[in-house]
Amino acid sequence: MPVIVNPEACDDERGALLAYLDAQRGGIRRSVHGLTEEQARSTPSASALSLAGLLKHVATGERGWLRVLQGKAPGNAKDQMAEWEHTFEPTEDETVEAMLALYEEVARETDEAVRALPSLDTTFEALRLPWDEGGTRTWRWAILHLIEEIARHAGHADIIRETIDGKGAFDLVFETGAMPEPDWSILEG
């Protein structure tokens with residue numbers, strides 16, 4: 001919980017889901033704040049993940065889900081896996097700035113698609129993949145899945161960022177103005 005989701009955005013289920021999705025997106029976006037391209041591409045932890053790679057992965061992953069939901073994804077699991085395979089590896093042309101712009105565009109497209117739905121119970125067919133039997137899913141399920149996936153990667157980003165320069169998620173929240181620093185004096189007395 002590095003940011004408080006505005007309760008007014010949660011007046012209905014759709015608004016709540018989108019608000020929580022955007023809160024997790026913010027964690028990914030803030031993870032690269034103030035870093036050089038070299039720092040964002042570095043892999044300072046035990047894994048091969050970089051912040052730039054996580055940013056590319058969540059942006060292309062969300063766009064991929066949106067295409068699935070809209071019936072525009074590759075028609076078979078092998079093609080989907082080939083598309084997904086290099087999402088953690090940004091090319092030289094895929095700068096942090098370009099990927100942040102892509103992620104903003106993807107977020108806008110997703111939010112517009114969700115708002116245009118007649119119901120979150122609207123279904124789509126998920127492909128069978130090595131880790132999932134596939135089948136009929138609702139958009140509600142897909143949005144919750146996106147929240148789960150992005151939150152998991154935001155946690156990875158927190159660890160990588162702290163390894164790079166010691167800045168934690170709250171430091172970045174306050175530094176970027178995503179939330180004002182709390183009045184800690186209320187805890188006194």
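Guide: Helix α3 is followed by Gly 71, whose phi is positive, near 70°. Helices here are DSSP runs of H or I with at least four residues, strands are runs of E with at least two, and both are numbered from the N terminus. The model is predicted, so local features need pLDDT of at least 70 and side-chain atom pairs count only at pLDDT 80 or more, while totals for chains, interfaces and linings use all residues. Residues are numbered from 1 along each chain as its sequence is written, and side-chain values use heavy atoms, with hydrogens and water left out.

The expected span is 1.5 Å times one less than the number of residues. Helix α3 is mostly covered, with 14 of its 19 residues buried; buried means under 20% relative accessible area, exposed over 50%, and partly exposed in between, for a 1.4 Å probe and protein chains only.

Glu 62 belongs to α3 and is buried, its relative accessible area being 1%. Leaving aside residues up to four places away in sequence, Glu 62 touches Leu 21, Arg 25, Tyr 103, Val 106, Ala 107, Thr 110, Leu 146 and Ile 150; contact means heavy atoms within 4.5 Å.

Helix α1 packs on α3 at an angle of about 150°, with the axes 9 Å apart. Axes are lines fitted to C-alpha atoms, for helices over the stretch in contact, and angles run from 0 to 180 degrees between N-to-C directions. The two helices α1 and α3 are therefore roughly antiparallel: angles over 145 degrees count as such, those under 35 as roughly parallel, 65 to 115 as roughly perpendicular, and the rest as oblique. Their crossing is left-handed, a term for a near helix turned anticlockwise from the far one by less than a right angle, clockwise being right-handed. Leu 21, Arg 25, Ile 28 and Ser 31 of α1 meet Leu 51, Leu 55, Val 58 and Glu 62 of α3. By class, this contact of α1 with α3 has five nonpolar, one polar and two charged residues; Ala, Val, Leu, Ile, Met, Phe, Trp, Tyr, Cys and Pro count as nonpolar, Asp, Glu, Lys and Arg as charged, and the others, Gly among them, as polar.

Helix α1 (residues 13-31) also packs with α6 (residues 139-165), at about 25° and with axes 8 Å apart. This pair, α1 and α6, is therefore roughly parallel, and the crossing of α1 and α6 is left-handed. Among the residues making the contact are Leu 21, Arg 25 and Ile 28 of α1, and Leu 146, Ile 150 and Ala 154 of α6. The residues of the contact of α1 with α6 divide into 12 nonpolar, three polar and five charged.

The cover over the buried residues of α6 includes α1, α3 (51-69), α5 (96-116), β1 (123-126), β2 (135-138) and α7 (169-176). Those buried residues include Leu 146, Ile 150 and Ala 154. The 27 residues of α6 should span 39 Å at 1.5 Å a residue, and the end C-alpha atoms of α6 are 38 Å apart, which agrees. Gly 166, with a positive phi near 85°, follows α6.
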